[in-house]
Amino acid sequence: MKTRIRGGNVVLETACKNADIIIEDGLIVAIDSPSDAGVDVDVEVDATGCIVFPGFIDPHTHMNLQQSAKFRAADDFYSGTIAAALGGTTAIIDHIGFSPAGSPLMTSIDNYHNLAKDAVIDYGFHGVIQHVDDAIIAELKDIIKNEGVSSFKAYSTYGFPANDQDLLRLLAAVKEAGGVLTVHCENDGITKYYNDMFVAAGKTEPRYFPQSRPNIAEAETVGRLIDWAHQLGDAPAYIVHTSARQSLERVRLARQRGQKNVFVETCTQYLTLDEGLYQAEPACAARYIMAPPLRSLADQAALWQALLDGTIQTVGTDHCPFMLAEKQLGSADYRQAPGGIAGVQERPLIMYTEAVVKRAMPLVDFAKVMSTNAAKIFNCYPQKGAIKVGSDADLTIINPAKPFQFSADRLHSNCDYSPYCDYRAAASIEKVFSKGKLIVDGDQFVGARAAGSFLKR
Ligand SMILES: [Zn+2]
(Lines give C-alpha, C1' and ligand atoms only; values in the text may rest on other atoms or scores of the structure.)
Protein backbone atom coordinates (compact mmCIF):
# COMPACT_ATOMS: atom_id res chain seq x y z
CA MET A 1 0.00 0.00 0.00
CA LYS A 2 1.25 3.44 -0.93
CA THR A 3 0.39 6.60 0.98
CA ARG A 4 1.12 10.16 -0.03
CA ILE A 5 1.22 12.96 2.53
CA ARG A 6 0.65 15.94 0.33
CA GLY A 7 1.62 19.57 0.55
CA GLY A 8 2.93 19.88 4.10
CA ASN A 9 5.82 21.96 5.33
CA VAL A 10 8.23 19.05 5.79
CA VAL A 11 10.96 19.46 8.41
CA LEU A 12 14.08 17.90 6.93
CA GLU A 13 17.42 17.85 8.74
CA THR A 14 18.86 21.10 7.46
CA ALA A 15 15.84 22.93 6.05
CA CYS A 16 12.07 22.88 5.73
CA LYS A 17 10.59 22.09 2.35
CA ASN A 18 7.12 22.13 0.92
CA ALA A 19 6.95 18.52 -0.22
CA ASP A 20 4.99 15.33 -0.63
CA ILE A 21 6.11 12.27 1.31
CA ILE A 22 5.49 8.86 -0.25
CA ILE A 23 5.24 5.92 2.14
CA GLU A 24 5.34 2.24 1.26
CA ASP A 25 5.73 -0.84 3.47
CA GLY A 26 6.23 1.29 6.55
CA LEU A 27 9.12 3.27 5.10
CA ILE A 28 9.58 6.66 3.52
CA VAL A 29 10.28 5.87 -0.14
CA ALA A 30 10.27 9.35 -1.68
CA ILE A 31 10.23 13.01 -0.74
CA ASP A 32 9.01 14.84 -3.85
CA SER A 33 8.30 18.41 -4.67
CA PRO A 34 4.53 18.83 -4.75
CA SER A 35 4.50 19.45 -8.49
CA ASP A 36 5.65 15.89 -9.18
CA ALA A 37 2.14 14.55 -9.63
CA GLY A 38 1.42 11.17 -11.06
CA VAL A 39 2.60 8.84 -8.30
CA ASP A 40 -0.13 6.25 -8.02
CA VAL A 41 -1.10 6.00 -4.35
CA ASP A 42 -3.79 4.16 -2.42
CA VAL A 43 -4.23 6.79 0.27
CA GLU A 44 -3.71 10.50 0.05
CA VAL A 45 -3.46 12.69 3.14
CA ASP A 46 -3.72 16.43 2.73
CA ALA A 47 -1.21 18.21 4.96
CA THR A 48 -1.63 21.65 3.44
CA GLY A 49 -1.04 24.33 6.06
CA CYS A 50 0.50 21.80 8.46
CA ILE A 51 4.04 21.01 9.57
CA VAL A 52 5.33 17.47 9.09
CA PHE A 53 7.94 16.47 11.67
CA PRO A 54 9.90 13.28 12.13
CA GLY A 55 7.93 11.40 14.82
CA PHE A 56 8.95 12.68 18.22
CA ILE A 57 11.07 10.48 20.47
CA ASP A 58 10.78 10.60 24.25
CA PRO A 59 14.16 9.41 25.52
CA HIS A 60 13.05 9.20 29.15
CA THR A 61 9.92 7.40 30.36
CA HIS A 62 9.11 4.99 33.17
CA MET A 63 6.18 2.84 32.06
CA ASN A 64 5.08 0.13 34.48
CA LEU A 65 7.59 1.32 37.06
CA GLN A 66 7.35 -0.37 40.42
CA GLN A 67 8.97 2.46 42.36
CA SER A 68 8.72 0.79 45.75
CA ALA A 69 6.74 -2.03 47.35
CA LYS A 70 3.87 0.41 47.74
CA PHE A 71 3.87 2.47 44.56
CA ARG A 72 3.50 1.49 40.92
CA ALA A 73 3.42 4.13 38.18
CA ALA A 74 -0.08 4.78 36.82
CA ASP A 75 0.76 3.97 33.20
CA ASP A 76 1.75 0.66 31.72
CA PHE A 77 3.24 0.37 28.26
CA TYR A 78 -0.24 0.21 26.69
CA SER A 79 -1.88 3.24 28.30
CA GLY A 80 1.37 5.18 28.37
CA THR A 81 2.15 4.69 24.70
CA ILE A 82 -1.42 5.58 23.67
CA ALA A 83 -0.95 8.85 25.57
CA ALA A 84 2.45 9.28 23.91
CA ALA A 85 1.00 8.67 20.44
CA LEU A 86 -1.84 11.14 20.98
CA GLY A 87 0.76 13.75 21.78
CA GLY A 88 2.77 13.06 18.64
CA THR A 89 5.44 10.77 20.06
CA THR A 90 6.23 7.72 17.93
CA ALA A 91 8.99 6.11 20.00
CA ILE A 92 10.00 6.01 23.63
CA ILE A 93 13.18 4.82 25.26
CA ASP A 94 12.17 3.64 28.69
CA HIS A 95 14.38 3.67 31.77
CA ILE A 96 13.61 0.23 33.12
CA GLY A 97 13.11 -0.62 36.76
CA PHE A 98 15.32 -2.47 39.20
CA SER A 99 15.43 -6.22 39.74
CA PRO A 100 16.30 -7.97 43.02
CA ALA A 101 19.76 -6.95 44.27
CA GLY A 102 22.52 -9.01 42.69
CA SER A 103 20.62 -9.82 39.49
CA PRO A 104 22.40 -9.95 36.17
CA LEU A 105 21.61 -7.08 33.79
CA MET A 106 19.42 -9.22 31.55
CA THR A 107 16.93 -9.88 34.36
CA SER A 108 15.39 -6.42 34.13
CA ILE A 109 15.64 -6.35 30.33
CA ASP A 110 13.86 -9.71 29.99
CA ASN A 111 11.20 -8.54 32.43
CA TYR A 112 10.59 -5.42 30.38
CA HIS A 113 10.39 -7.28 27.09
CA ASN A 114 7.41 -8.97 28.68
CA LEU A 115 5.91 -5.78 30.17
CA ALA A 116 6.24 -3.79 26.96
CA LYS A 117 4.70 -6.15 24.45
CA ASP A 118 1.35 -4.30 24.32
CA ALA A 119 2.96 -0.97 23.43
CA VAL A 120 1.29 0.80 20.51
CA ILE A 121 4.47 2.57 19.29
CA ASP A 122 8.07 1.43 19.04
CA TYR A 123 10.02 1.31 22.26
CA GLY A 124 13.58 0.83 23.38
CA PHE A 125 15.11 0.25 26.79
CA HIS A 126 17.91 1.87 28.71
CA GLY A 127 19.38 -0.94 30.81
CA VAL A 128 19.86 -0.32 34.52
CA ILE A 129 22.98 -0.76 36.65
CA GLN A 130 22.53 -1.90 40.24
CA HIS A 131 25.97 -3.18 41.08
CA VAL A 132 29.31 -3.42 39.34
CA ASP A 133 31.70 -6.35 39.25
CA ASP A 134 33.63 -8.24 36.56
CA ALA A 135 30.61 -10.27 35.50
CA ILE A 136 28.41 -7.17 35.15
CA ILE A 137 31.04 -5.36 33.07
CA ALA A 138 31.37 -8.34 30.74
CA GLU A 139 27.60 -8.67 30.46
CA LEU A 140 27.23 -4.94 29.82
CA LYS A 141 29.56 -5.06 26.83
CA ASP A 142 27.85 -8.16 25.48
CA ILE A 143 24.37 -6.60 25.74
CA ILE A 144 25.45 -3.40 24.01
CA LYS A 145 26.81 -5.44 21.12
CA ASN A 146 24.15 -8.12 20.87
CA GLU A 147 20.86 -7.28 22.55
CA GLY A 148 19.89 -3.95 21.01
CA VAL A 149 20.25 -2.13 24.33
CA SER A 150 23.13 0.30 23.79
CA SER A 151 22.52 2.63 26.71
CA PHE A 152 22.52 1.98 30.43
CA LYS A 153 21.65 4.08 33.41
CA ALA A 154 23.58 4.39 36.61
CA TYR A 155 22.28 6.23 39.66
CA SER A 156 24.34 8.34 42.02
CA THR A 157 21.65 8.09 44.69
CA TYR A 158 18.60 5.99 45.71
CA GLY A 159 18.80 2.28 46.41
CA PHE A 160 21.73 1.34 44.20
CA PRO A 161 24.17 4.25 43.97
CA ALA A 162 27.24 3.65 41.85
CA ASN A 163 30.44 4.56 43.69
CA ASP A 164 33.35 6.39 42.08
CA GLN A 165 35.16 3.29 40.92
CA ASP A 166 31.91 1.84 39.56
CA LEU A 167 31.30 4.92 37.46
CA LEU A 168 34.81 4.82 36.03
CA ARG A 169 34.47 1.16 35.14
CA LEU A 170 31.08 1.77 33.52
CA LEU A 171 32.27 4.72 31.47
CA ALA A 172 35.27 2.76 30.24
CA ALA A 173 33.09 -0.22 29.36
CA VAL A 174 30.47 1.70 27.38
CA LYS A 175 33.20 3.53 25.52
CA GLU A 176 34.84 0.25 24.56
CA ALA A 177 31.57 -1.38 23.51
CA GLY A 178 30.15 1.59 21.62
CA GLY A 179 27.31 2.44 23.99
CA VAL A 180 26.48 5.38 26.21
CA LEU A 181 26.17 5.69 29.97
CA THR A 182 23.23 7.75 31.20
CA VAL A 183 23.45 8.98 34.75
CA HIS A 184 20.99 10.30 37.30
CA CYS A 185 23.20 12.98 38.82
CA GLU A 186 22.44 13.89 42.42
CA ASN A 187 25.14 13.56 45.04
CA ASP A 188 23.86 11.05 47.58
CA GLY A 189 25.72 12.57 50.51
CA ILE A 190 24.50 16.09 49.80
CA THR A 191 20.86 15.06 49.48
CA LYS A 192 21.14 13.02 52.69
CA TYR A 193 22.79 15.87 54.56
CA TYR A 194 20.03 18.34 53.69
CA ASN A 195 17.23 15.85 54.01
CA ASP A 196 18.36 14.86 57.51
CA MET A 197 18.61 18.51 58.47
CA PHE A 198 15.07 19.29 57.37
CA VAL A 199 13.66 16.17 58.96
CA ALA A 200 15.38 16.93 62.28
CA ALA A 201 13.86 20.42 62.22
CA GLY A 202 10.40 19.02 61.47
CA LYS A 203 10.44 20.75 58.09
CA THR A 204 8.93 18.01 55.98
CA GLU A 205 6.13 19.80 54.18
CA PRO A 206 6.48 19.94 50.39
CA ARG A 207 7.60 23.57 50.54
CA TYR A 208 10.93 22.38 51.98
CA PHE A 209 11.38 19.66 49.40
CA PRO A 210 13.42 21.60 46.79
CA GLN A 211 15.91 22.77 49.44
CA SER A 212 16.40 19.17 50.50
CA ARG A 213 17.86 18.43 47.04
CA PRO A 214 19.74 21.65 46.18
CA ASN A 215 21.28 22.58 42.84
CA ILE A 216 24.76 21.75 44.06
CA ALA A 217 23.78 18.09 44.55
CA GLU A 218 23.18 17.80 40.83
CA ALA A 219 25.98 20.07 39.62
CA GLU A 220 28.63 18.34 41.75
CA THR A 221 27.85 14.95 40.26
CA VAL A 222 27.56 16.34 36.74
CA GLY A 223 31.03 17.88 37.11
CA ARG A 224 32.54 14.69 38.48
CA LEU A 225 30.98 12.56 35.75
CA ILE A 226 32.22 14.89 33.05
CA ASP A 227 35.74 14.98 34.48
CA TRP A 228 35.96 11.23 34.53
CA ALA A 229 34.54 10.90 31.04
CA HIS A 230 37.28 13.34 29.98
CA GLN A 231 39.96 11.41 31.85
CA LEU A 232 38.90 8.25 30.01
CA GLY A 233 39.34 9.84 26.61
CA ASP A 234 35.92 11.37 25.99
CA ALA A 235 33.83 8.42 27.15
CA PRO A 236 30.15 8.90 26.24
CA ALA A 237 28.09 10.25 29.13
CA TYR A 238 24.49 11.42 28.99
CA ILE A 239 23.07 13.48 31.84
CA VAL A 240 19.37 12.79 32.35
CA HIS A 241 16.81 15.35 33.53
CA THR A 242 19.23 18.27 33.97
CA SER A 243 17.63 20.95 36.12
CA ALA A 244 20.31 23.21 37.66
CA ARG A 245 22.02 26.14 35.96
CA GLN A 246 25.33 25.24 37.62
CA SER A 247 25.29 21.90 35.81
CA LEU A 248 25.20 23.74 32.50
CA GLU A 249 28.32 25.73 33.41
CA ARG A 250 30.18 22.43 33.86
CA VAL A 251 28.91 21.13 30.54
CA ARG A 252 30.07 24.25 28.73
CA LEU A 253 33.56 23.88 30.22
CA ALA A 254 33.64 20.29 29.01
CA ARG A 255 32.73 21.31 25.49
CA GLN A 256 35.32 24.09 25.53
CA ARG A 257 38.07 21.60 26.32
CA GLY A 258 36.92 19.42 23.46
CA GLN A 259 34.61 16.79 24.92
CA LYS A 260 32.24 15.75 22.17
CA ASN A 261 30.53 12.90 23.96
CA VAL A 262 28.86 14.71 26.82
CA PHE A 263 25.13 14.79 26.13
CA VAL A 264 22.53 16.71 28.09
CA GLU A 265 18.82 16.13 28.53
CA THR A 266 16.33 18.31 30.29
CA CYS A 267 12.61 17.76 30.70
CA THR A 268 9.44 19.70 29.96
CA GLN A 269 8.81 20.34 33.66
CA TYR A 270 12.17 22.04 34.30
CA LEU A 271 11.56 24.36 31.35
CA THR A 272 7.97 25.27 32.17
CA LEU A 273 7.26 24.75 35.90
CA ASP A 274 9.18 26.21 38.84
CA GLU A 275 9.73 25.80 42.54
CA GLY A 276 7.06 28.41 43.36
CA LEU A 277 4.59 25.53 43.00
CA TYR A 278 5.93 24.02 46.23
CA GLN A 279 4.65 27.06 48.10
CA ALA A 280 1.01 26.16 47.35
CA GLU A 281 -1.07 24.50 50.03
CA PRO A 282 0.60 21.17 50.84
CA ALA A 283 -1.91 18.80 49.19
CA CYS A 284 -1.44 20.68 45.94
CA ALA A 285 2.31 21.18 46.28
CA ALA A 286 2.75 17.43 46.79
CA ARG A 287 1.78 16.89 43.14
CA TYR A 288 5.19 18.18 42.11
CA ILE A 289 7.39 15.94 44.20
CA MET A 290 10.05 14.57 41.87
CA ALA A 291 13.83 14.31 41.84
CA PRO A 292 15.48 16.52 40.95
CA PRO A 293 12.89 19.01 42.14
CA LEU A 294 11.50 21.93 40.18
CA ARG A 295 13.98 24.82 40.31
CA SER A 296 13.99 28.61 40.36
CA LEU A 297 13.07 30.90 37.51
CA ALA A 298 16.80 31.66 37.11
CA ASP A 299 17.45 27.98 36.49
CA GLN A 300 14.56 27.85 34.06
CA ALA A 301 15.95 30.82 32.10
CA ALA A 302 19.39 29.19 31.98
CA LEU A 303 17.89 25.94 30.70
CA TRP A 304 16.08 27.78 27.93
CA GLN A 305 19.24 29.57 26.93
CA ALA A 306 21.08 26.25 26.86
CA LEU A 307 18.37 24.58 24.81
CA LEU A 308 18.34 27.39 22.28
CA ASP A 309 22.16 27.54 21.97
CA GLY A 310 22.62 23.76 21.67
CA THR A 311 24.19 23.10 25.08
CA ILE A 312 21.20 20.81 25.76
CA GLN A 313 20.55 18.13 23.13
CA THR A 314 17.28 16.51 24.15
CA VAL A 315 14.01 17.16 25.96
CA GLY A 316 12.41 14.15 27.62
CA THR A 317 9.61 13.84 30.12
CA ASP A 318 10.71 11.44 32.87
CA HIS A 319 7.05 10.36 32.57
CA CYS A 320 6.39 8.55 35.84
CA PRO A 321 2.91 9.50 37.05
CA PHE A 322 1.28 8.54 40.30
CA MET A 323 -2.33 9.06 41.29
CA LEU A 324 -3.27 12.19 43.17
CA ALA A 325 -4.15 10.30 46.34
CA GLU A 326 -0.68 8.75 46.30
CA LYS A 327 1.03 12.09 45.76
CA GLN A 328 -1.00 13.63 48.58
CA LEU A 329 0.49 11.15 51.02
CA GLY A 330 3.38 13.63 50.93
CA SER A 331 1.29 16.59 52.12
CA ALA A 332 2.75 16.55 55.63
CA ASP A 333 5.99 14.74 54.81
CA TYR A 334 7.46 14.88 51.31
CA ARG A 335 9.22 11.56 51.91
CA GLN A 336 5.90 9.72 51.92
CA ALA A 337 4.96 10.60 48.33
CA PRO A 338 6.14 8.66 45.28
CA GLY A 339 8.38 10.76 43.03
CA GLY A 340 7.46 11.65 39.48
CA ILE A 341 4.87 13.27 37.23
CA ALA A 342 3.15 12.70 33.88
CA GLY A 343 4.09 14.42 30.64
CA VAL A 344 4.51 11.89 27.84
CA GLN A 345 1.49 13.25 25.96
CA GLU A 346 1.93 16.90 26.89
CA ARG A 347 5.59 17.38 25.88
CA PRO A 348 5.38 18.01 22.11
CA LEU A 349 2.64 20.64 22.09
CA ILE A 350 3.97 22.43 25.16
CA MET A 351 7.46 22.46 23.69
CA TYR A 352 6.20 23.59 20.30
CA THR A 353 4.36 26.46 21.95
CA GLU A 354 7.15 27.46 24.33
CA ALA A 355 10.11 26.93 22.00
CA VAL A 356 8.87 27.61 18.48
CA VAL A 357 6.03 30.05 19.05
CA LYS A 358 7.25 31.97 22.09
CA ARG A 359 11.02 31.79 21.62
CA ALA A 360 11.37 31.52 17.84
CA MET A 361 13.30 28.26 17.83
CA PRO A 362 13.70 27.22 14.18
CA LEU A 363 11.63 24.16 13.22
CA VAL A 364 14.79 22.29 12.21
CA ASP A 365 16.25 22.80 15.70
CA PHE A 366 12.97 21.81 17.29
CA ALA A 367 13.01 18.52 15.37
CA LYS A 368 16.55 17.92 16.61
CA VAL A 369 15.81 18.35 20.32
CA MET A 370 12.52 16.45 20.10
CA SER A 371 13.65 13.60 17.87
CA THR A 372 16.84 13.56 15.81
CA ASN A 373 19.39 14.08 18.58
CA ALA A 374 17.92 11.30 20.71
CA ALA A 375 17.97 8.94 17.72
CA LYS A 376 21.62 9.76 17.06
CA ILE A 377 22.81 9.58 20.67
CA PHE A 378 20.92 6.35 21.32
CA ASN A 379 21.92 4.66 18.12
CA CYS A 380 18.67 4.33 16.16
CA TYR A 381 19.33 6.93 13.49
CA PRO A 382 18.37 7.15 10.62
CA GLN A 383 15.78 4.43 11.19
CA LYS A 384 14.22 6.93 13.59
CA GLY A 385 14.58 10.65 14.06
CA ALA A 386 14.58 11.93 10.49
CA ILE A 387 12.45 12.33 7.40
CA LYS A 388 14.73 10.61 4.91
CA VAL A 389 14.25 8.07 2.15
CA GLY A 390 14.66 4.67 3.81
CA SER A 391 13.72 5.83 7.32
CA ASP A 392 10.72 4.43 9.17
CA ALA A 393 7.62 6.40 8.22
CA ASP A 394 7.13 7.77 11.74
CA LEU A 395 5.62 11.18 11.14
CA THR A 396 3.87 13.75 13.29
CA ILE A 397 1.72 16.34 11.57
CA ILE A 398 1.06 19.50 13.55
CA ASN A 399 -1.53 22.11 12.69
CA PRO A 400 0.03 25.42 13.74
CA ALA A 401 -3.22 27.33 13.25
CA LYS A 402 -5.40 25.26 15.58
CA PRO A 403 -4.85 25.78 19.34
CA PHE A 404 -5.28 22.86 21.72
CA GLN A 405 -6.66 23.36 25.21
CA PHE A 406 -5.44 20.64 27.57
CA SER A 407 -8.22 19.12 29.66
CA ALA A 408 -8.80 15.89 31.56
CA ASP A 409 -10.84 14.32 28.73
CA ARG A 410 -8.13 15.07 26.17
CA LEU A 411 -5.23 13.72 28.21
CA HIS A 412 -5.03 9.95 28.13
CA SER A 413 -2.55 8.93 30.78
CA ASN A 414 -4.14 6.68 33.40
CA CYS A 415 -3.10 9.29 35.93
CA ASP A 416 -5.96 11.34 37.38
CA TYR A 417 -4.22 14.70 37.14
CA SER A 418 -1.80 16.45 34.83
CA PRO A 419 0.78 18.94 36.05
CA TYR A 420 -0.07 20.87 32.87
CA CYS A 421 -3.87 20.52 33.11
CA ASP A 422 -4.86 24.07 32.18
CA TYR A 423 -2.25 24.62 29.52
CA ARG A 424 -3.35 26.08 26.20
CA ALA A 425 -1.08 25.04 23.33
CA ALA A 426 -0.77 27.21 20.25
CA ALA A 427 -1.02 24.22 17.92
CA SER A 428 -2.61 20.80 17.76
CA ILE A 429 -1.70 17.31 16.63
CA GLU A 430 -3.40 16.64 13.32
CA LYS A 431 -2.21 13.13 12.46
CA VAL A 432 0.45 10.69 13.60
CA PHE A 433 1.92 7.85 11.56
CA SER A 434 3.87 4.97 13.01
CA LYS A 435 5.77 2.89 10.45
CA GLY A 436 3.43 4.17 7.76
CA LYS A 437 0.19 3.43 9.60
CA LEU A 438 -2.14 6.17 10.78
CA ILE A 439 -2.33 5.82 14.57
CA VAL A 440 -3.71 9.20 15.59
CA ASP A 441 -6.36 11.18 13.77
CA GLY A 442 -7.00 14.45 15.60
CA ASP A 443 -8.16 13.59 19.10
CA GLN A 444 -8.63 9.92 18.28
CA PHE A 445 -6.20 7.08 18.77
CA VAL A 446 -6.73 4.71 15.81
CA GLY A 447 -3.72 2.43 16.25
CA ALA A 448 -3.58 -1.06 17.69
CA ARG A 449 -2.50 -2.82 20.85
CA ALA A 450 0.92 -4.44 20.47
CA ALA A 451 1.64 -2.66 17.16
CA GLY A 452 4.87 -1.28 18.62
CA SER A 453 8.11 -3.18 18.18
CA PHE A 454 11.22 -3.38 20.27
CA LEU A 455 13.66 -0.85 18.92
CA LYS A 456 17.06 -2.51 18.62
CA ARG A 457 19.60 0.20 19.09
ZN1 LIG B 1 13.67 9.03 35.33
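Across the structure there are 26 salt bridges, each defined as a side-chain nitrogen of Lys or Arg within 4 Å of a carboxyl oxygen of Asp or Glu. The model is predicted, so local features need pLDDT of at least 70 and side-chain atom pairs count only at pLDDT 80 or more, while totals for chains, interfaces and linings use all residues. Residues are numbered from 1 along each chain as its sequence is written, and side-chain values use heavy atoms, with hydrogens and water left out.

**First stop: Lys384**

Select Lys384 and Asp122, whose side chains form a salt bridge with an N to O distance of 2.7 Å. This pair connects distant parts of the chain, 262 residues apart: Asp122 belongs to strand E8 (residues 122–128), and Lys384 to the loop between helix H14 (363–377) and strand E14 (395–399). Helices (H or I, at least four residues) and strands (E, at least two) are DSSP runs, numbered from the N terminus.

Both Lys384 and Asp122 are buried; that term means under 20% relative accessible area, with exposed over 50% and partly exposed in between (1.4 Å probe, protein chains only). For Lys384 the relative accessible area is 2%.

Asp392 counts as buried because its relative accessibility is 10%.

**Second stop: Glu430 and Lys402**

Move to Glu430 and Lys402, where the side chains meet in a salt bridge at 3.9 Å, N to O. Here too distant parts of the chain are linked: Glu430 sits in strand E17 (residues 428–434) and Lys402 in the loop between E14 and strand E15 (404–405), 28 residues apart. Glu430 is partly exposed at 21% relative accessible area, and Lys402 is partly exposed at 40%.

Now select Asp122, Lys384, Asp392, Asp394 and Lys435 together: salt bridges that share partners join these residues into one network.

His60 lies in strand E6 (residues 56–61) and Asp318 in the loop between strand E13 (314–316) and helix H12 (324–327), so the pair ties together parts 258 residues apart in sequence. His60 is buried, with a relative accessible area of 0%, and Asp318 counts as buried at 12%.
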